[in-house]
Amino acid sequence: MRFLLTDEQRDFAQSLDGMLGASGTPAVVRAWAAGEHKPGRALWARLAEAGVFGLAVPERHGGTGLLPVELALSFTELGRHAVPGPLVETVAAAAFLERLGSDSLAGEWLPRIAAGEAVLSLCAGAGPYALDADAADAVLVVRGDTVCRTDTHGPVQTSLDPARRVARPLGGTAVARGPAVTAAAEHAIEVARLAIAAQSLGLGRALLAATVSYVKQRTQFRVPIGSFQAVKHRLADTLIALEFAQPLVHAAALAVAAGAPSAGREVAAAKVAAGEAGHGAARTALQLHGALGYTEELDLSLWIRKARPLRDAWGTPADCRARVLTG
């Protein structure tokens with residue numbers, strides 16, 4: 001498959017990169033990790049103005065329709081800049097509500113999601129915990145063929161990434177039942193896996209760029225450590241993994257856009273490749289930065305600590321490989 005982005009798609013990604021680069025995301029991430037959501041919600045509003053959330057919302061509800069390629073490009077940039085919050089969960093919730101066929105629920109939430117006024121967290125086959133339930137306006141929990149809405153949750157816990165705060169949803173009111181819930185959940189999982197694969201890809205590219213810059217400056221025996229063959233090989237392996245993952249992410253986006261029967265399998269393959277590549281980039285960054293890489297005060301740690309949770313969220317590598325094999 002030969003895949004080239006259009007000029008419009010490139011411009012969109014570049015404008016998003018520029019906006020996020022000027023947003024001071026490390027400070028936003030640290031505030032979010034401390035439970036202070038105001039800076040994150042302000043950035044969320046700016047992302048909505050840029051049209052990010054509208055990419056998962058139909059036109060009749062104020063969005064631009066589900067555009068998986070543009071969505072993947074957006075989440076690559078969100079990963080590159082380590083933007084915190086239930087970004088994946090909100091677009092997955094939008095995809096779920098759109099596919100559910102409930103006009104009342106779609107009319108209540110989708111315009112607000114597109115406008116950046118609503119933050120949702122969705123639990124659909126991703127374990128018993130909801131991401132950022134304390135920051136979400138509502139949590140949608142899918143259990144079998146029933147979806148419940150809840151605004152309450154148990155104690156907030158941190159994961160390996162302090163900015164990924166999880167809590168167990170409590171109680172809830174059933175808002176829909178039936179086969180449509182199961183079908184909508186399957187679609188939402190595809191969208192979530194595509195978004196998180198793109199996020200992992202962007203994260204890995206940011207980690208690689210930071211590491212390449214560092215090894216050009218750090219010297220040993222009076223020469224940059226980047227001149228050592230072992231370092232070059234490690235960086236080359238990281239780059240190759242990311243380069244191999246990118247076309248899989250793009251191909252998965254095209255499959256979702258076309259509604260192809262193979263979409264679930266292609267999304268799972270993309271998530272495995274991108275998740276492992278991002279995790280590998282984090283390990284490379286940690287090793288080549290030496291003891292400095294373990295320092296929490298270093299902004300790089302905010303990226304390093306995201307890699308493994310992203311790799312495992314919405315389906316571990318083993319889950320996704322099983323999905324590829326089962327077809």
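**Chat about a hairpin and a helix pair**

Me: What do β3 and β4 form, and how many residues sit between them?
Reply: They make a hairpin with two residues between them, and Gly144 in the turn has a positive phi of about 65°. This is a predicted model, where local features need pLDDT of at least 70, side-chain atom pairs count only at pLDDT 80 or more, and totals for chains, interfaces and linings use all residues. Numbering starts from 1 along each chain as its sequence is written, and side-chain values use heavy atoms, leaving out hydrogens and water.

Me: In which sense do β3 and β4 pair?
Reply: Antiparallel, over five bridges, with β3 covering residues 138-143. Strands pair if DSSP finds at least two bridges between them; a strand is a DSSP run of E, at least two residues, and a helix one of H or I, at least four, numbered from the N terminus. Val142 stands opposite Val147 in β4.

Me: And how many residues of β4 are buried?
Reply: Four of the five in β4 (residues 146-150), buried being under 20% relative accessible area with a 1.4 Å probe, protein chains only.

Me: Which residue is the bridge partner of Cys148 in β9?
Reply: Ala174. β4 and β9 (residues 173-177) pair in the antiparallel sense over four bridges.

Me: New topic: at what angle do α7 and α8 pack?
Reply: About 155°, with axes 10 Å apart, for α7 (residues 179-217) and α8 (residues 229-258). Axes are lines fitted to C-alpha atoms over the stretch in contact, and angles run from 0 to 180 degrees between N-to-C directions. That makes α7 roughly antiparallel to α8, a term for angles over 145 degrees.

How values were computed. Parallel < 35°, antiparallel > 145°, perpendicular 65-115°, else oblique. Buried < 20%, exposed > 50% of the residue type's maximum accessible area, 1.4 Å probe, protein only.
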